[in-house]
Amino acid sequence: MTYCLSPVHLKSVCVAAGLLWLSFVPPAMGQGGHGPAFGLATPTLPQGGWNYNSTLMSVGTGERSLMTRQSLWYGLTEHLQLNASVPVTLRSTPSPPTTRGGTMMGGLSSLEVSTYWRFHRQYLGVGKRFESTLLVGGLYPTRDYGRERRSGPGVHLAAVTGYASRSVYAWAGGGYQHYTARDGDRPGDLRYGSLVLGWRPAYFRRGSTPDWRLFVEALGESVGPERRDGSAVTGSGGEKLFVGPTTLGLYGAWGLSAGVLIPMYQDVPRVQEEDLRLMFNFTYWF
Amino acid sequence: MYNAMRTFIARTSALLVLLLAGGGLFQPAQAQLQKIEQTIFGMDCAPCAHAMEQSIGSMKGVKTVSVTLNDGRASIDLSNTNEVTYRDIRKAISNGGFSAKKATLEAQGTLRQKGDQWILETPAGEQFVLRPSKKASSGEGGLQDLKPDRQVIVTGQIPASLNTKDTLWPLRIQRVRSAT
């Protein structure tokens, strides 16, 4: 089989197309609502509302993997949202860590279709909500997760509960990601928990100023052993704990968020160690 | 000559009256809801307010809408002719993922008496059960001056918690004035 474009050219075309897309279509909101870049949150979207995200994320050490993810969110009802996201890997490393770009952003290099069900909500006052959301997603790998190793489709399940107000935010949640094996190969199962605390300074609560808020996010991950030819790979998998600051700025229908996660603890094979996770996200609500 | 002029003036006046009355028949429907100050719970961010403004503002008959986050309030002005119902407004808020609480509204309609209840019925058929204001004993806001079948404009308050499945909205009177 021959290709008109080499993979390098194809990548350039994808990047150019993405930039072109961004220049014409206003980009949208990362986590579909309140803005932690990495942790789980309870996104809100009106019935019939649309939301578009364009995300750039990077994980790894030294030579870093770099990918973009374009996501479209739709509010089927005010309590049920659908999300589809498409990844484009700009640069990959031989052994990228088993993780998700952002907990609600999709597995690395996988197409993802998700449903968010806000099954619990309490309206506590002006600007105040206490709510909980269940997330169920299907994953389809678009490329190898390691050198010449590709898994079958996967699932992602998560639950999160949290409080939103005009001044403070807090969410706690956890999730599980599993890929089926293909030819006996699959990455280890991912279990994670996230905690997000947010604060909107008084200056940014005024109607005349952009709406900025600051978050501190913590993310703990536990990855099970990878399987090759049906057997568990000895020494694979492990645990990581990250903490870092993120921010979200909103103005009208636009949003921009950015964040960094710094590893506090890592017990994984050396090739899977990370020094930093980075994320930038543009959002637009239609 | 004098009689002819009197006849001409009388006929012209009658024609004018008929034309004006006929014109009235073809005027668009009277406004029913005129102003609403709606408190909304749960709305924390600028895009929430933006979406709410878009949703309510897109209703035919809504002249202006402004949502303030810190007060959690939507101020809605409706055009002279509109068919917006209060249920539409609450539905838009609920579809946005938030909760409509108390509201102050100004509505025009016809007074009906059903038993000991006074009902304000709007041209769209929406009904508000009028409750006397807490100051009713001092005169204003009482039910004693109401007369059936009169066209009135009522300013009043919808309570914070109510059963949204009810077909009648409770409206605590602040002011009643004649619509004619």
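**Aromatic rings and their surroundings**

A:Tyr169, A:Trp171 and A:Phe215 form one aromatic cluster. Rings of Phe, Tyr and Trp (its six-membered ring) pair if their centres lie within 6.5 Å; planes under 30 degrees apart are stacked, over 60 edge-to-face, and the rest tilted.

This is a predicted model, where local features need pLDDT of at least 70, side-chain atom pairs count only at pLDDT 80 or more, and totals for chains, interfaces and linings use all residues. Residues are numbered from 1 along each chain as its sequence is written, chains are lettered from A and ligands numbered from 1 in written order, and side-chain values use heavy atoms, with hydrogens and water left out.

Searching the whole structure gives nine aromatic pairs over all chains. One of them joins A:Tyr203 and A:Phe204: the ring centres are 5.1 Å apart and the planes stand at 80 degrees, so the pair is edge-to-face.

B:Tyr86 lies in helix 3 of chain B and B:Trp169 in strand 8 (residues 168-178) of chain B, so the pair ties together parts 83 residues apart in sequence. Helices (H or I, at least four residues) and strands (E, at least two) are DSSP runs, numbered from the N terminus. B:Tyr86 is buried, at 0% relative accessibility. B:Trp169 is buried too, at 2%.

Now follow helix 3 of chain B, residues 86-95. Its buried residues include B:Ile89, B:Arg90, B:Ala92, B:Ile93 and B:Asn95. Just after this helix, B:Gly97 has a positive phi of about 95 degrees.

Next, strand 3 of chain B, residues 73-78. B:Ala74, B:Ile76 and B:Leu78 point to one face and are buried.

Strand 3 of chain B runs antiparallel to strand 1 (residues 33-41) of chain B, with five bridges between them. Two strands pair if DSSP finds at least two bridges between them. B:Thr39 stands opposite B:Arg73. Strand 2 (residues 62-68) of chain B is also antiparallel to strand 3, through six bridges. There B:Ser66 has B:Ser75 as its bridge partner. The hairpin of strands 2 and 3 of chain B has four residues between the strands, and B:Gly72 in this hairpin takes a positive phi near 60 degrees.

Terms used. Buried means under 20% relative accessible area, exposed over 50%, partly exposed in between (1.4 Å probe, protein chains only).
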